[in-house]
Amino acid sequence: MDEGGSRIRRRVSLPKRNRPSLGCIFVAPTAAELEPGDEGKEEEEMVAENRRRKTAGVLPVEVQPLLLSDSPECLVLGGGDTNPDLLRRMPTDRGVGDQHNDSEEDMFGDYDSFTENSFIAQVDDLEQKYMQLPAHKKHATDFATENLYSESIKNKLSITTIGNLTELQTDKHTENQSGYEGVTVEPGADLLYDVPTSQAIYFENLQKSSNDLGNCSMKERDWKSSSHNTVNEELPHNCIEQPQQNDEASSKVRISSDMNRRKSIKDHLKSAMTGNAKAQTPVFSRSKQLKDTLLSEEINVAKKTIESSSNDLGPFYSLPSKVRDLYAQFRGIEKLYEWQHTCLTLNSVQERKNLIYSLPTSGGKTLVAEILMLQELLCCRKDVLMILPYVAIVQEKISGLSSFGVELGFFVEEYAGSKGRFPPTKRREKKSLYIATIEKGHSLVNSLIETGRIDSLGLVVVDELHMIGEGSRGATLEMTLAKILYTSRTTQIIGMSATLNNVEDLQKFLQAEYYTSQFRPVELKEYLKINDTIYEIDSKAENGMTFSRLLNYKYSETLKKMDPDHLVALVTEVIPNYSCLVFCPSKKNCENVAEMICKFLSKEYLKHKEKEKCEVIKNLKNIGNGNLCPVLKRTIPFGVAYHHSGLTSDERKLLEEAYSTGVLCLFTCTSTLAAGVNLPARRVILRAPYVAKEFLKRNQYKQMIGRAGRAGIDTIGESILILQEKDKQQVLELITRPLENCYSHLVQEFTKGIQTLFLSLIGLKIATNLDDIYHFMNGTIDLAYCDILYRDLKKGLEGLVLESLLHLIYLTTPYDLVSQSNPDWMIYFRQFSQLSPAEQNVAAILGVSESFLGKKASGQAIRKKVDKDVVNRLYLSFVLYTLLKETNIWTVSEKFNMPRGYIQNLLTGAASFSSCVLHFCEELEEFWVYRALLVELTKKLTYCVKAELIPLMEVTGVLEGRARQLYSAGYKSLMHLANANPEVLIKTIDHLSRRQAKQIIASAKMLLHEKAEALQEEVEELLRLPSDFPGAVASSTDKA
């Protein structure tokens, strides 16, 4: 071993006799055996010996690892650096005289090095000293001897016990952690885990003989502390009690059996070394030892951290190294970017100050937020709320973090659509990560404030912080953050965005620090295309752009007419080997462009991943019950598809999976994809500088081009904005102007803004007078609809029709979608005519008659005044009612001549609003009758499938199509999914990747653990003695 190498030492304190010890072999002599005659002489020899050793500077004597334990004091020896002094004194030739010990050859003989100035000599001297002490009471003798022994070897003996020292030295991490520290040996601990392997068999024999002697008892215990994770413990400096003289009678008291069993300590040392040399080394798993050692080290560090009230749990940004391993395993992330390291080590982050940070899209912002969330969950032991803009992103994040929750022991809870409990379940042990949409996050914060639990929220993370300036949703987000800032001084707020401009205003509002960087993992080049010329955007150029190249693509006359913008030429430069996104101004334009491109692609594109594309079409038919969009049927064989809100959730998810795996190489999409799920591409093409009929904003432009360049896949990303000559000046201004500012929408959105905020403050008792409101301003059912909802529910109590679900569905149809409803009167009248008498009675109660609809359908004038909002809301109720009966979006889409994506959005909105109405009724006693009814209706609206599929669809990421596949394959419950093997799932379920299979299983495990934990806590609560139990106060007083 190198002299400068890692030394792992353990200093052993000798416990008192009355403490249990392990493997005792030799018995301490009784007082009667001690001879007083030589006491003075031995003391002088001992002092002289100690003086000689100190003068010579002898290092601690260390021998081959062995265990000595035949006394009440367990003595453990272990290997370390060889004593050079000892080596110099050792003879080169073997001594002649052979002696026998325990019928074995004495391998050491009578070497001077083992009898003079050696540890064995010290032990031998000590034994003689011990034998000569005057008789004393048993416990006094033990104590005196123990302290004499401690004093004689103090500052000379450094004893080390490690498990397989050679193996541990190969681990650099172990070397760094161990140093020169020692470990306090716990009395009664299982040292077999920690001794060298050469002693394992020998120790078992010693244990048997020890048990025969009956001097000590052994108890099996698990010892989780690592051998190299050590702390120094000095040998005890106890005062030595001088033995008192006793009468001669007491000095003769002895036990004959002890005398017969006693052996010389020196003999035992030699015997132990002989046993070590001859013992066969058992086979131990080196990798398992190293793994267990590291794990034990981190557990010990964590325990000490908790005791010292520190938040540092490990080497990975205060987190255990297991977190780093999980990122490598689940995400393939081996190392953080430099900016991420800088951001995580900012003083403002360490001091738990609020923080806003801004980087370009795909710069890795989310990873920083995730590490901060894990620190809060694991180190600070507090709940975390993450607010995301869209349901699809919430579900994507739930799937991605469920695996971490299962491995690290926290819950991941979804708050989107109709999912989420208000207030959230209060947990005593594990903490929760709430992932919510803007609206659900607001409701969650309200419920925590109302129940006085807002301080349990340690961290709030807001993605796409720039949305604070976007309409009513921005007003809701602003209200949420304002309430947190006002009601909790301990909750940290982290905001991130790629498109922020007036950061100073946001800093002031959130009382936050700011960090920014222009880092992008993949270089992005921006281009403009005018006619057939491509220009590169260059801020240094006079007019902001420089000539790049001319498009070289042979166009026929027909192609020029069909594709005047040369889209085919631009996309064929990258597909099918690379991916491409084409942003279009409208949904209809997406479909037209996809079909147009496929018309002019060569048939070679059909052969690229042909089998996989057939699977995609097959799966699309399955989730549509045999129906398939004719446009997708024509474009998917070429690897092309459109992506917009007209698709159902199942269709979107399936197409996104196909795009991510490279089966599809081109998406024609609307601007919503830019702010939605992460679908990067090698090239991003903007079909026109418009979103619908409005000219493109700088923020929208940056979001779209930010999708160009895939980290780890592409070396470069490209964006091309196609424009006409007439738009050239506006576009040049667009690419050079700063990002748009964020402004508060609380005042602009009065009903959903300031009015809602004031009512909320009063309802949550944050404000009880006008001064409180002024104070707040200086620093959730949508309440705008509360009045009309109350009237509708009150009227429903007068004559609630329960023969069908229609009346309840009407009461839970979202108000904010009514204004978007534009009924087809012929369809309306036809559907009304097919209603049963009881269902028509619902319409009559609401004031909508068959004659009115007949006249509207035939175009006749209406004299009688009818509430337009009620009529439109009832029409939407018909759509939902039909959907619940048939559970097939395609059929309902054809029946009402509505896009299937719009129908699904209506269903999702109704499920969410139904959940809000349920909470509203729970707050008002007069509406108790609605509670049980709305629970079942909310579940029906949430899943809208057959009852047997509902348990599977509770798992995040499992939609109807996937649920049917799983059910057909025999996975019929949450338990089945939680215990599934991902490899078997991949083979059983069509078009399921390994990553998706693991995410589904992790989500199922998370949900199962959450339910089990809730039941366990309920059981413990039932069995716990109530704090107000009579007599409890009296008993506690008695104890005091």
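Predicted model: local features only at pLDDT ≥ 70, side-chain atom pairs only at ≥ 80, totals over all residues.
Local features need pLDDT of at least 70, side-chain atom pairs count only at pLDDT 80 or more, and totals for chains, interfaces and linings use all residues. Residues are numbered from 1 along each chain as its sequence is written, and side-chain values use heavy atoms, with hydrogens and water left out.

Q: Why is strand 21 called largely enclosed by the rest of the structure?
A: Buried means under 20% relative accessible area, with a 1.4 Å probe and protein chains only. Eight of the eight residues of strand 21 (residues 716-723) are buried, so the strand is largely enclosed. A strand is a DSSP run of E, at least two residues, numbered from the N terminus.

Q: Which residues point each way from strand 21?
A: Ile 716, Glu 718, Ile 720 and Ile 722 point one way, Gly 717, Ser 719, Leu 721 and Leu 723 the other, and all are buried. In a regular strand the side chains alternate between the two faces of the sheet.

Q: What makes strand 12 and strand 21 a pair?
A: Two strands pair if DSSP finds at least two bridges between them. Eight bridges join strand 12 (residues 523-530) to strand 21, and the two run parallel. In one of these bridges Glu 526 has Ser 719 as partner.

Q: What makes strand 18 and strand 21 a pair?
A: Strand 18 (residues 683-686) and strand 21 have four bridges, in the parallel sense. Leu 686 has Leu 721 as its bridge partner.

Methods
Buried < 20%, exposed > 50% of the residue type's maximum accessible area, 1.4 Å probe, protein only.
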